[in-house]
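Please read it with the structure open beside the text.

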Amino acid sequence: MISVDEALERILSYVSVLEPEEKPVLDALGQVLAEEIVAPFSIPPLDNTAMDGYAVQAASTAGASPSSPVELQVVGELAAGYIFEGEVTPGTAVRIMTGAAIPQGADAVVPFEETDEAAHEAPTAARRIQERVRVLKEVRRGANVRRAGEDIREGERVLAAGAVLRPAEIGVLASIGRASVRVIRRPVVAVLSTGDELVEVGEPLPPGRIYDSNVYSLASLVQRYGGIPKVLGIARDTVEALTAKIRQGLDADMLLTSAGVSRGDYDVVKDVLAREGEIDFWTVAMKPGKPLAFGCFHTSGGRRIPHVGLPGNPVSSMVSFELFVRPAMLKMMGKRHWGRPILRAIARERIVNRGEPRRLFNRCVVTEEDGRYYVSLTGPQGSGILSSMVAANALTVIPEGVEVVEAGEEIEVMMLDWSHGEEWGTDRAIS
Ligand code: AMP
Ligand code: MG
């Protein structure tokens, strides 16, 4: 039996960053940039107005006030997206809309609010633009002007290779005209359930059988963290059936199986792994999730596919995924931070971690009250009780050596989610 930390280290040492691919920017959300992005031009490209108003020479407004307005001649009108062909000279103004380029000669913009333009509405056929405008307040040079390059300067590095593309990065890429971008590709993760008792959803359920829920929760986890699930379905508990199904998954970047790794007579995953590949380890000092096989399969093409043999119990397989598969996927995607946020929270109840020394990942609900975090368990903690995952937003992280945590003591919790109980479809969430 090895520790959680050692298991994670060994799994991570088997996986490496995947190759880059070129993608339309809108499809690259959440992926890691595989090139450096340099601005081909400045943004904004030209000085432009931050307000609707009149572009003027600031000097023309010297001394203007409501009691002694300065009258200027309006020589044109300009909407965003157009260039004014003429020039603003002393004593003249151009009526101008937010985003329009500052006309030649102008160095400031007087907002409508500081003029006598009564209704600040676009001129209609009935209401032509006024030929003269009275300015009620002196403006400084540069007032209400957005400078060319104030956002991004031409030649500047806008995004570094390794950046994770969030909506803001996607927007920045579009603002410099990029239609596609080089990113690390997403891992394809094959997901396979094993067990004679399993039935595919949509089929009738004979007595003694259960529906295969693991393929659904695991494929959803793959998708949630940015991978592409390849669903292989259910393999029966024979070496032949399992080997045939596993071969279908050997074009993936990683293979996940669930069940068949404990000590039961029909637990064939280890046998197949030993025959077709190599086993690195098969038990981890954690609860839930002690039986966890890790190794790799060899393909005919000479590739090694990492294989995580997750436990069959639905909670154990999800918790083991969170602890081991998620970091491996993030590493393959080129991300550099694999950890979950860990908080310190005050236990609302007594938590027991007796038996052989194992790290305890109980399902729990973390809430905040007066600036402090509190943690309660979601109820019964059996590793077959999948509804405990529905009710949880976090896992306790109680160290191997600690047998009892008393109510009121502080423990570490690993956040899975920041949402609140009302969103989870269960009334068990917060007691
Ligand atoms: P095993 O590791 O094969 O002994 O399975 C442990 C427990 O997990 C058993 O109660 C199985 O019925 C259950 N189990 C295994 N695979 C699945 C699955 N795909 N979906 C739901 N429960 C499962
Ligand atoms: Mg089984």
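1. Two strands are taken to pair if DSSP finds at least two bridges between them, and strands (E, at least two residues) are DSSP runs numbered from the N terminus. The model is predicted, so that local features need pLDDT of at least 70 and side-chain atom pairs count only at pLDDT 80 or more, while totals for chains, interfaces and linings use all residues. Residues are numbered from 1 along each chain as its sequence is written, chains are lettered from A and ligands numbered from 1 in the order in which they are written, and side-chain values use heavy atoms, with hydrogens and water left out.

2. Strand β5 (residues 70–78) pairs with strand β8 (residues 132–135) in the antiparallel sense over four bridges, and in this pairing glutamate 71 stands opposite arginine 134. Strand β5 is also joined to strand β6 (residues 92–96), by five bridges and in the parallel sense, with glutamate 77 opposite arginine 95.

3. An open sheet is formed by six strands in the order β15-β12-β16-β20-β19-β17, with mixed pairing. Its edge strands, each pairing on one side only, are β15 (228–235) and β17 (277–283). The twist averages 20 degrees from one strand to the next, where axes are lines fitted to C-alpha atoms and angles run from 0 to 180 degrees between N-to-C directions. Within this sheet, strands β16 (residues 254–258) and β20 (residues 304–310) run parallel over four bridges, and leucine 256 stands opposite valine 308.

4. Strands β26 (residues 394–397) and β28 (residues 410–415) are antiparallel and joined by four bridges, threonine 396 having valine 413 as its bridge partner.

5. Which residues come nearest to ligand 1? Of the 16 residues around it (a heavy atom within 4 Å), these are Glu197, Asp212, Ser213, Gly312 and Asn313. Taking polar contacts as pairs of N or O atoms within 3.5 Å, a polar side-chain atom of glutamate 197 lies 2.6 Å from an oxygen atom of ligand 1. A side-chain N or O atom of serine 262 is 3.4 Å from an oxygen atom of the ligand, and a backbone N or O atom of asparagine 214 lies 3.4 Å from a ligand nitrogen. The protein covers 76% of the 480 Å² of accessible area that ligand 1 has on its own, by the Shrake-Rupley method with a 1.4 Å probe.

Notes. Polar contact = N/O pair within 3.5 Å; in protein donor to acceptor, adjacent residues only side chain to side chain.
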